[in-house]
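User: I have a protein model to look at. Please walk me through a few of its residues.

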Amino acid sequence: MSTAKSPISTPHAPTPAHTFHQGVRKGPFVQVSGQGPVDPATSEYLYPGDVAAQTTRTLENVKAIVEGAGATFDDVVMLRVYLTKREDFPIMNDAYGAFVEANCPGGVLPARTTVFTGLPREEMLVEIDAFAITD
């Protein structure tokens, strides 16, 4: 018997502006849609020009969706980071490292891919999606 696919929805992360869910769960698998530096309460993009602050806010949104699926950030096995500028990599990497180390008490950090690309909104310097597996 196949496990049903279910949408993830939490008020602690931004509501998607388009035709997709914050995330999807199927059995123990949780896929979080790409998130940006958006305030869940106001839907405003935050921290223009500050890739470190945008990275932290984006990861907070990812964490909220993972938790909305009944998982923890420590269940995340893969994060994909999309950046607009190569020169932002070390700044993003420092903010990212601080966040994941603080939120992975098990000590095993998620795998990661970083891609340099254009993003949907000009004010976005970073977008991050995640894949988690729960017990």
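Analyst: Contact means heavy atoms within 4.5 Å. This is a predicted model, where local features need pLDDT of at least 70, side-chain atom pairs count only at pLDDT 80 or more, and totals for chains, interfaces and linings use all residues. Residues are numbered from 1 along each chain as its sequence is written, and side-chain values use heavy atoms, with hydrogens and water left out.

User: Which residues is Asp88 in contact with, leaving aside neighbours within four places in sequence?

Analyst: Start with its place. Asp88 sits in the loop between strand 4 and helix 2; helices (H or I, at least four residues) and strands (E, at least two) are DSSP runs, numbered from the N terminus. With neighbours within four places set aside, the contacts of Asp88 are Val51, Leu83 and Leu125.

User: Is Pro14 buried or exposed?

Analyst: Pro14 is in the loop between strand 1 (5-8) and strand 2 (23-26). Beyond four places in sequence, Pro14 touches Gln22, Gln35, Val38, Pro40 and Asn61. Its relative accessible area is 9%, so Pro14 is buried.

User: What is the separation of the C-alpha atoms of Pro14 and Ile65?

Analyst: Look along the chain first. Pro14 and Ile65 are 51 residues apart there, yet their C-alpha atoms are separated by 9.3 Å.

Conventions
Buried < 20%, exposed > 50% of the residue type's maximum accessible area, 1.4 Å probe, protein only.
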